[in-house]
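This report walks through one structure, from backbone details to cores and domains. Please keep the coordinates open while reading.

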Amino acid sequence: MIALIAPLVQEAAPVVSAPFFSLDPSGTPDVLGAWLISLFTLSVFSFLYRDNPFYKLAEHFFVGLSTAYFTLQYYEEGVLQPIYEWIHAAHATPEGALVNLGGLPIEPSTAIALRVGAGVFGLMLLFRMIRPNSWAPRWPLAIMVGVYAALKMTGETQSKFVILLGEQFNKALYDPAALSWSEATRIEQTGLYFTFARLVFITGLICALGHFMFTLKRTKGLQAVSRIGVITLMITFGSMFGFTVLGRIALLIERVNDLDRYTAPAYSLAAVDASGSGGSLLLTPPLLLGALIVALLALGAIQRRRPATPPPAAAGPG
Amino acid sequence: MATLGDLDRRWIFLAMGLLVVGMYAAGVKADLPSSPYVDSFYRTVEELPPRSIVLLSADFDPASAAELLPMYTGVIHHLLARKLRIVNTATWPAAPPYIRQEFARIAPLYGAVYGEDWVELGFKPGDDVAMGIIAQSLQNAFPTESRDGRSYADVPLLREVGAGMQGIDLLVTMSAGYPGILEWIAQVGGRYDVPIVCGTTAVQTPDIFAFYPRQVRGFLGAATGATQYLQLVDEVTTDAGVTAIKEENQRRMQVQSWGHVLIIGLIVLGNVIYFRGKRAPR
């Protein structure tokens, strides 16, 4: 397969010269990064065969790096900046000037007190680690739940209930702005399509709701409605599944694209001349590491299939 | 048939892998006709007068970059080519490196000046609560910009953005999940008079149809939407980078199509095996 694909991949690979190590995200990817990216990508893919040490290595690196990155980001943006830096800035405000808190101009001393109060609430959450049944975390939790509920109730109710339902039920079955068959370039622009779509929507909605109507006796009529409801739901789930497959294949293609990029001669282990060409394809990170991983997994499989050597027979008396 | 029923699933993984690598290496491109949702996204940006301010939120991470990064890049090109100004935010912690990387590359192509034509505010933790705060008061959410640490009032572009989304003419989000477009709709669309457009991952796309066109003016659904949008953007920009991304996406779409054909074939085959197994005498 590699022999089949290699000439094509080689042709697609751009001729570039890459630095060995670079932290510039907008520049050419570095050689060290190419080897690490290829190693971890192929190690994760090796899990499709079976759980193995390469996958475990990649998994541990991933968890460790993600934890470090997210901890730093949240500390910087969630603790350092809103408490330390903000309070420092508020403290340095000229006398008589107001500071902005929640979009409102407020006295600096009041604003600092409110921020410190929020910080204290944050610390109270950690009391759970000292005593699980402590009263202290309940106060900040109660406030968080209250604020979250308020946010959800106002914005979400408006956008996902009032506007959405109002829009759907106020729409007529016929769109006067729709184009005629001769004018339309796409079928969605025609009035007939609009009416058909509206009918499908209304029927589907009513029947799907009817399927969950458990308080009424299941008469033949309700059973028919329920059946159409189930078909509607199945089409919906099928569409969602289709989109999910689309997403997953996109991820796979992106990894293939990335690996393809590192088959460029500049990333090869063999000597590369000043023009960036001359590196052997087989010594590039994806092919060399891929071959290495496959070989080691194959060796492991052979090892497992070999019958266990019987223990030497115990020497008898005499 | 009985043998196929017991087929090790690893053969399917291998088949998909070989198909994707083979089709990718073949390099055939697919030219896609644009959908009304993508057209509407494009038109919404085109209709903004020059110098309008766009809040561009990067709500994705490396796991969804395969779908969202090409459209994010396309959006930056489109906005800067139209001489629109961009305020960047992120509600996903892994997004800021993408913002920095893309703007470092694209902004100089259009002569965009940092602080006047675009600004980077960084990541704001707190999910939809953070979105609520951003909408309520951008200055309160980001007292300083994130690249040089200049205070809000010292950045000319930010001085034009007031509380309650004042000064913001359009909200664009590249949404990978939670928090994302659904939360922006609730926190901004439901409260302020700001049009919203978005790019979404394939998994999230079916959720957005219901909000189109009133609450979401247009959207780019997954890799398909990204390719359609890049085809449109490529016509208005002269940068070779856009053409390269567009062609790369067109190439990916061809592979996508064959991947789908394989999946559909496997579903049909699975059903045939299932129903034959049911009919077979026990």
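B:Asp127 is partly exposed because its relative accessibility is 26%. Here buried means under 20% relative accessible area, exposed over 50%, and partly exposed in between, with a 1.4 Å probe and protein chains only. B:Asp127 has a positive phi of about 50° although it is not a glycine. It lies in helix 6 (residues 127-136) of chain B. Helices (H or I, at least four residues) and strands (E, at least two) are DSSP runs, numbered from the N terminus.

**Model and conventions**

This is a predicted model, in which local features need pLDDT of at least 70, side-chain atom pairs count only at pLDDT 80 or more, and totals for chains, interfaces and linings use all residues. Residues are numbered from 1 along each chain as its sequence is written, chains are lettered from A and ligands numbered from 1 in the order in which they are written, and side-chain values use heavy atoms, with hydrogens and water left out.

The model scores ipTM 0.88 and pTM 0.86. For chain B the mean pLDDT (the predictor's confidence in each residue, from 0 to 100) is 92. In that chain, 99% of the residues reach 70 or more. Where pLDDT is low, the predicted coordinates should not be read in detail.

**Backbone details in chain B**

B:Arg51 also has a positive phi, near 75°, and is a residue other than glycine. B:Arg51 sits in the loop between helix 3 (36-46) and strand 1 (53-59) of chain B. With 45% relative accessibility, B:Arg51 is partly exposed.

B:Ser175 lies in strand 4 (residues 168-175) of chain B. Why does B:Ser175 count as buried? Its relative accessibility is 0%. The side chain of B:Ser175 makes a polar contact with the side chain of B:Gln204, at 2.6 Å. A polar contact is a pair of N or O atoms within 3.5 Å; within protein, one must be able to donate a hydrogen and the other to accept it, and residues adjacent in sequence count only if both atoms are side-chain atoms. Contact in general means heavy atoms within 4.5 Å. Leaving aside neighbours within four places in sequence, B:Ser175 is in contact with residues including B:Asp59, B:Leu68, B:Gly180, B:Ile181 and B:Gln204.

B:Arg252 belongs to helix 12 (residues 240-279) of chain B. B:Arg252 is buried, with a relative accessible area of 10%. Which residues does B:Arg252 contact, leaving aside its neighbours within four places in sequence? They are A:Ile253, A:Glu254 and A:Asn257 from chain A, plus B:Ala66 and B:Pro70 from chain B.

**Cysteines**

A search of the whole structure finds zero disulfides over all chains. The criterion is a pair of cysteine sulfur atoms within 2.5 Å. A:Cys207 is buried at 6% relative accessibility. B:Cys198 is buried at 0%.

**Nonpolar cores**

In soluble globular proteins, nonpolar side chains tend to be buried together. A nonpolar core is a set of buried Ala, Val, Leu, Ile, Met, Phe, Trp, Tyr and Cys residues joined through side-chain atoms within 4.5 Å. The largest one has 76 residues, among which B:Tyr72 and B:Leu138 touch the most other members. Helix 4 (residues 65-81) of chain B gives the most to this core, with nine residues.

Not counting residues up to four places away in sequence, B:Tyr72 touches B:Leu56, B:Ala58, B:Phe60, B:Asn88, B:Tyr98, B:Ile99, B:Glu102, B:Phe103 and B:Met174. A second, separate core has twelve residues, among them A:Val31, A:Tyr267, A:Ile293 and A:Leu297.

**Chains and domains**

Chain A has eight helices and two strands. From the N terminus on, its elements run α-α-α-β-β-α-α-α-α-α. Of its 318 residues, 29% count as buried. Among contacts in chain A with a separation of 6 or more, 40% join residues 24 or more positions apart.

Chain B is divided into domain 1 (2-28 + 253-279) and domain 2 (36-238). These bounds come from an automatic or database domain assignment. The C-alpha centres of domain 1 of chain B and domain 2 of chain B lie 37 Å apart.
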